[in-house]
Amino acid sequence: MKLNSKAPEFTLTNSEGRSVSLSGIMAEGQHVLLVFLRHLG
Amino acid sequence: MAQLCARQDEFNSAHTRVVIVSFGTLPAVQKWLQETCSPFEVLLDREREVYRAYQLERSLWRAWHPRALWLYFNRWIKRETFYDAHGDDTSQLGGDFIIDRQGVLRLVYPSRDSTDRPPVDDLLAVIQSL
């Protein structure tokens, strides 16, 4: 994953069952901090 | 995560949406949200397709690095909560990414081990430089 490259697009479901995409967040004009968790144990 | 939660106002002020991605089950994620940090949105990636798209690695050795074992030992000493991994892959590593409004990666930080996260000050410094 290279710095200054285009972030991979994704669409995932949130904990309330709503579909959320990266492009959708971008459309709101915000930066994004994506935090990938390890396992919850 | 507690540090991120404590400083959520700073991310809001910097027009940054903090999004958590987890491959945990929905019940496990809901329990985690209740007991840790609820203000941020959590997205579920059970199949870890997005983990793979962002090239986050699996490594049993790095996930169970002595630093991680020390962390768990300290949590056990303090009688802190342990979450059931529900049979999930405990070798999967996490990571942090900052994406600007144009969809460009401005921070790429795959965790070296399961305790490794960038300092919140560093995250905010990148965001404030955009």
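User: How many bridges join strand E1 of chain A to E2(B)?
Analyst: In this predicted model, strand E1 (residues 11-14) of chain A and E2(B) run antiparallel. Within this pair, Thr13(A) stands opposite Leu44(B) in E2(B). The number of bridges joining E1 of chain A to E2(B) is two.

User: In what order do the seven strands of the open sheet follow one another?
Analyst: The sheet is open and its pairing is mixed, and its neighbouring strands are turned by 30 degrees against each other on average, with direction ignored. Strands of both chains take part, and the order is E2(A)-E1(A)-E2(B)-E1(B)-E3(A)-E3(B)-E4(B).

User: Which strands stand at the edges of this sheet?
Analyst: A strand at the edge has a single partner strand, so one side of it is left without a neighbour in the sheet. That applies to one strand of each chain, namely strand E2 (19-21) of chain A and strand E4 (105-110) of chain B.

User: Over how many bridges do strand E3 of chain A and strand E3 of chain B pair?
Analyst: Residues 31-36 of chain A and residues 95-99 of chain B form these two strands, which pair in the antiparallel sense. Along the pair, Leu33(A) stands opposite Ile98(B), and Val35(A) stands opposite Asp96(B). The pairing of E3(A) with E3(B) extends over five bridges.

User: Which helix packs on the sheet and touches E3 of chain A?
Analyst: Besides E3 of chain A, this helix touches strand E1 (16-22), E3 and E4 of chain B. Its direction makes about 20 degrees with that of E3(B), and its residues are 120-128 of chain B, which identifies helix H7.

User: Which element gives the most to the largest nonpolar core?
Analyst: This core has 31 residues, and those with the most contacts inside it include Leu33(A), Phe36(A), Val19(B) and Val21(B). Among the elements that give two or more residues are E3 of chain A and, from chain B, E1, H3 and H7. The element that gives the most, with five residues, is E3(A).

User: Which element gives the most to the side of chain B that touches chain A?
Analyst: The contact takes 53 residues from chain B and 28 residues from chain A. By class, the side of chain B has 32 nonpolar, twelve polar and nine charged residues. With seven residues, the element that gives the most to this side is E1(B).

User: What ipTM does the model score?
Analyst: For chain B the pLDDT averages 86, and 93% of the residues score at least 70. For the model, the pTM is 0.84 and the ipTM is 0.93.

Technical notes: Residues are numbered from 1 along each chain as its sequence is written. Chains are lettered from A and ligands numbered from 1 in the order in which they are written. This is a predicted model: local features need pLDDT of at least 70, side-chain atom pairs count only at pLDDT 80 or more; totals for chains, interfaces and linings use all residues. pLDDT is the predictor's confidence in each residue, from 0 to 100. Two strands pair if DSSP finds at least two bridges between them. Helices (H or I, at least four residues) and strands (E, at least two) are DSSP runs, numbered from the N terminus. Axes are lines fitted to C-alpha atoms, for helices over the stretch in contact, and angles run from 0 to 180 degrees between N-to-C directions. Two residues are in contact if their C-beta atoms, placed from the backbone, lie within 7 Å. Ala, Val, Leu, Ile, Met, Phe, Trp, Tyr, Cys and Pro count as nonpolar, Asp, Glu, Lys and Arg as charged, and the others, Gly among them, as polar. A nonpolar core is a set of buried Ala, Val, Leu, Ile, Met, Phe, Trp, Tyr and Cys residues joined through C-beta atoms within 7 Å. A residue is buried if 20 or more other C-beta atoms lie within 10 Å of its own, exposed if 12 or fewer, and partly exposed in between; C-beta atoms are placed from the backbone.
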